[in-house]
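Here is a short note on aromatic contacts, for your review. Please read it beside the model.

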Amino acid sequence: MSIRPRPRDDLLDVGPYESPQFDVAVRLNTNESPYPPPEAFVARLAGAVGSVELNRYPDRRATELRAGLAELVGQPVERVFCANGSNEVLQLLLLAYGGAGRSAAVFEPTYLLHAQIARITGTLVLSTDRDSSFRVDPGHAVRFLRDEAPDVTLLCSPNNPTGMVEPRDVVNAVLAAAPGLVAVDEAYGEFAADSALELVDDHRPLVVVRTFSKAWSLAAVRLGFCVGPPWVVADLEKVALPYHLPALTQVAGRLALDWRAETDARVESIVRERERVVAALGAVAGVDVFPSGANFVLLRVVGADGHAVWEELLRRGVLVRDFSDVPRLDNCLRVTIGTTEENDAFLLALKEAVG
Ligand SMILES: *Cc1c(COP(=O)(O)O)cnc(C)c1O
């Protein structure tokens, strides 16, 4: 007789993270960069891979990469920790500060993986709503945090999928009221004017999480990092597996930092395209567009069915992300900013789809 062991009861209704993929010409559904990394970087990386000592474990402390990241963000190296994508950083934060008997606060609608990773680590999810324009209301947030006393508070700024940047006074209000750790996920921070990075301090329970998956055109490399007090870094090192960051990832990250100017230029051009797309969407009848500080834009179809419009776009070879079945995001679609040609293809297809 074969027996099938059951996973933890609290995982019974957790599904795998899903984002439908289709092989179409214009893929604007996962907020990656539309540009491959610079050719010169790829050539340097190919050369550098040859000198990695593959029979040896990687540098456990990722010394050189951390030093480069510290320089990138203008922070002491003791405040930097890196992992396999920012999702792993978040998982490690929740392993260290969440877990059984502990809780994490999220402001919905937000990045679906925050609640998902919390649940997988056995952390109770305490969710509360953003206001009607998808902003975190500071008064409401303060009351919620005081009443619920979460061990971890997760903010996402710019927020995925709505695009809004949390203003400094909201971050400060959350920091003042949250009894535990505050993590600000800035996966799209490069595309925004404001960042919580400069609030990081050795004595403040704030950690800012960043990634190479978006602005840096390196989603396939799986590299993320965070900046926080050295004692948070020490706690993350306790829960990370030994040698968790592959030597190949460390090399790729270190070399990428040499192409910072190119990355900044790409971010600027994506921001320009974003503003063009937002303006163009504003002129499309039957569509409401939300302001964005990220490399994507959320829109709401008015007077038609959001999912049907998503299907119409797909039929025209344009894949965007359908949020129409997510609470409070009825009829909402999220489109990643692509190249000028991709954005034009999307705008044309959308006009036809809602027209
Ligand atoms: C894309 C995204 C990430 C990136 O995750 P990685 O593991 O670094 O690829 C993190 N947070 C948010 C909110 C995102 O949208």
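The points below cover ring pairs, then charges over rings.

1. Basis. This is a predicted model, with local features needing pLDDT of at least 70, side-chain atom pairs counted only at pLDDT 80 or more, and totals for chains, interfaces and linings using all residues. Residues are numbered from 1 along each chain as its sequence is written, and side-chain values use heavy atoms, without hydrogens and water.

2. Ring pairs. The whole structure holds eight aromatic pairs. Rings of Phe, Tyr and Trp (its six-membered ring) pair if their centres lie within 6.5 Å; planes under 30 degrees apart are stacked, over 60 edge-to-face, the rest tilted.

3. Tyr57 and Tyr243. This pair is stacked, because the ring centres are 4.2 Å apart and the planes at 15°. Tyr57 sits in the loop between α1 (39–49) and α2 (63–73), Tyr243 in the loop between α7 (230–239) and α8 (247–256), so the pair ties together parts 186 residues apart in sequence. Tyr57 is exposed, at 65% relative accessibility. Tyr243 is partly exposed, at 35%. The cut-offs: buried is under 20% relative accessible area, exposed over 50%, partly exposed in between (1.4 Å probe, protein chains only).

4. Phe107 and Phe144. With centres 6.3 Å apart and planes at 65°, this pair is edge-to-face. Phe107 is buried at 1%. Phe144 is buried at 11%.

5. Cluster. Phe212, Trp216 and Phe225 are linked by ring pairs.

6. Charges over rings. The charged end of Arg60 sits over the Tyr243 ring, 5.5 Å from its centre. The criterion is NZ of Lys or CZ of Arg within 6 Å of the ring centre and within 35 degrees of the ring normal. Arg334 lies over the face of Phe296, 5.6 Å from the ring centre.

Definitions and conventions
Helices (H or I, at least four residues) and strands (E, at least two) are DSSP runs, numbered from the N terminus.
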